[in-house]
Amino acid sequence: MARFEMTTSEMATMGGDKNADIFCEMGLMYATGRGCDIDLIAAHKWLNIAAIKGCDRAAELRADVAATLTKMQLAAALRSAREWMTVH
């Protein structure tokens with residue numbers, strides 16, 4: 001799974017902000033367990049990145065996921081997104 005995540009995120013980064021939909025799809029993948037285990041922290045991370053890059057749908061979905069997370073989980077998701085954005 002990590003290999004898919006890295007490859008997909010690298011491809012999306014190459015295209016700039018136009019590929020926010022790819023990040024949104026990654027968030028949905030983790031939120032629903034489509035092809036992977038459900039991971040709401042990872043889902044929030046990718047939806048947050050997509051929202052930052054301009055995907056309105058991701059912002060709405062991010063709020064839905066955030067409502068299900070504990071404060072600690074939300075902090076971990078935000079930290080993970082911030083770390084990813086710093087590197088990419």
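A: Happy to! In this predicted model, α3 and α4 pack at an angle of about 150°, with 8 Å between their axes. Axes here are lines fitted to C-alpha atoms, for helices over the stretch in contact, and angles run from 0 to 180 degrees between N-to-C directions. Helices are DSSP runs (H or I, at least four residues), numbered from the N terminus.

Q: Before we go on, how were the numbers and cut-offs set up?
A: Residues are numbered from 1 along each chain as its sequence is written, and side-chain values use heavy atoms, leaving out hydrogens and water. As the model is predicted, local features need pLDDT of at least 70 and side-chain atom pairs count only at pLDDT 80 or more, while totals for chains, interfaces and linings use all residues.

Q: Thanks. So are α3 and α4 roughly parallel or antiparallel?
A: They are roughly antiparallel to each other, because angles over 145 degrees count that way.

Q: And which residues in α3 and α4 meet?
A: From α3, Leu-40, His-44, Leu-47, Asn-48, Ala-50 and Ala-51 meet Ala-58, Ala-59, Leu-61, Arg-62, Val-65 and Ala-66 of α4. Contact means heavy atoms within 4.5 Å.

Q: New topic: which residues touch the most other members of the largest nonpolar core?
A: Those are Phe-23, Tyr-30, Trp-46 and Ala-58, in a core of 20 residues. A nonpolar core is a set of buried Ala, Val, Leu, Ile, Met, Phe, Trp, Tyr and Cys residues joined through side-chain atoms within 4.5 Å. Buried means under 20% relative accessible area (1.4 Å probe, protein chains only).

Q: Which element gives the most to this core?
A: α3 does, with 7 residues.

Q: How many aromatic pairs are there?
A: Searching the whole structure turns up 3. Rings of Phe, Tyr and Trp (its six-membered ring) pair if their centres lie within 6.5 Å; planes under 30 degrees apart count as stacked, over 60 as edge-to-face. Phe-23 and Trp-46 make a stacked pair, 5.6 Å centre to centre with 0° between the planes. This pair joins helix α2 to helix α3, with its residues 23 apart in the chain.

Q: Is Phe-23 buried or exposed?
A: Phe-23 is buried, at a relative accessible area of 0%, and Trp-46 is buried with 0% too.

Q: What about Trp-46 and Trp-84?
A: They form an edge-to-face pair, 5.3 Å centre to centre and 75° between the planes. Trp-84 lies in helix α5, 38 residues from Trp-46. Ring pairs link Phe-23, Trp-46 and Trp-84 into a cluster.

Methods. Buried < 20%, exposed > 50% of the residue type's maximum accessible area, 1.4 Å probe, protein only. Helix = DSSP H or I, 4+ residues; strand = E, 2+ residues; numbered from the N terminus. Parallel < 35°, antiparallel > 145°, perpendicular 65-115°, else oblique.
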